[in-house]
Amino acid sequence: YDCEDPQDQLEDHHNKHSGRSLVLVILVVCVTISLGSVGIGICIFRARHHGKLENKATKNGDLFSIWNYDGQIAFEDIIEATEDFDIRYCIGTGAYGSVYEARLPSGKTVALKKLHKTESENPSYYKSFCNEVEVLTEIRHCNIIRLYGYCLHNRCMFLVYEYLERGSLFCNLADEMEAQELKWSKRVNIIKGTAYALAHMHHHCPSPIVHRDVSSNNVLLNSELEVCVSDFGTARLLDPDSSNQTLLVGTYGYVAPELAYTMSVTTKCDVYSF
């Protein structure tokens, strides 16, 4: 027999029901708070992401956005500025690609070194591309060309440099009218600027950098005839604990004779070329 009073049973049932209801309410509140937190988090993320996109959109043509290349704005600007790398915008041909002039929507003019499809599939050219990026991201000097960014894309690969209006020293010396502009004082400044660039690479970088192809083709001039050393595709960082042996590269006539039989590259190789 059940000896408990019916009133007590009713109160006990009511208490259990109240306890279950309280637990249910707490669960509902917790779930609601959790969902609300997730919703707020998503809204904040979307707002920030949207803000970044708006910020990126306002930086239309901003060269430094190429460092964090996402396949959108910078790439589209460059394709439009060169009309998909039309031959009309080509201003020269380098060791492993063609050079184009591009005027971006921001009004800034840049030079683009683009690897052709066949070149980008060639391991040696691809290595030169990556080597130039690695070296130039380590260097900041007024007489060394500035690399603004690069693009690795399935359509094409290119490097983005500052634009130097007068082109190479070789072309300036080869043209009679332009050569007459190069008075002796200007030529001395070109020599000094090149020497400063090499001294910085050899003595003021964390690891000495040897250009390995210092020639008049790779010394560029701006509108004020100030000099920048360019084309670091064959450059090499010297390892103090290595013999630094290498394959013979560079422009014939500028290559140090001892490199041909020792195959060991040193800063002296650049000095000979200079």
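A charge sits over a ring if NZ of Lys or CZ of Arg is within 6 Å of the ring centre and within 35 degrees of the ring normal. The model is predicted: local features need pLDDT of at least 70, side-chain atom pairs count only at pLDDT 80 or more, and totals for chains, interfaces and linings use all residues. Residues are numbered from 1 along each chain as its sequence is written, and side-chain values use heavy atoms, without hydrogens and water.

**Exercise 1.** Find which residue lies over the face of Phe85.

*Solution.* Start at the ring centre of Phe85. Lys114 lies over this face, 5.3 Å from the centre. Now try a second ring. The charged end of Arg187 sits over Trp184, 5.2 Å from the ring centre.

**Exercise 2.** Classify the aromatic pair of Phe85 and Tyr100.

*Solution.* Recall the rule. Rings of Phe, Tyr and Trp (its six-membered ring) pair if their centres lie within 6.5 Å; planes under 30 degrees apart count as stacked, over 60 as edge-to-face and the rest as tilted. For Phe85 and Tyr100, the centres are 5.1 Å apart and the planes make 75 degrees, an edge-to-face pair.

**Exercise 3.** Classify the pair of Phe85 and Phe158.

*Solution.* Take the distance: the centres lie 5.7 Å apart. Take the angle: the planes stand at 50 degrees, so the pair is tilted.

**Exercise 4.** Decide whether Phe85 and Tyr100 are buried or exposed.

*Solution.* Buried means under 20% relative accessible area, exposed over 50%, partly exposed in between (1.4 Å probe, protein chains only). Phe85 has 9%, so Phe85 is buried. Tyr100 has 5%, so Tyr100 is buried.
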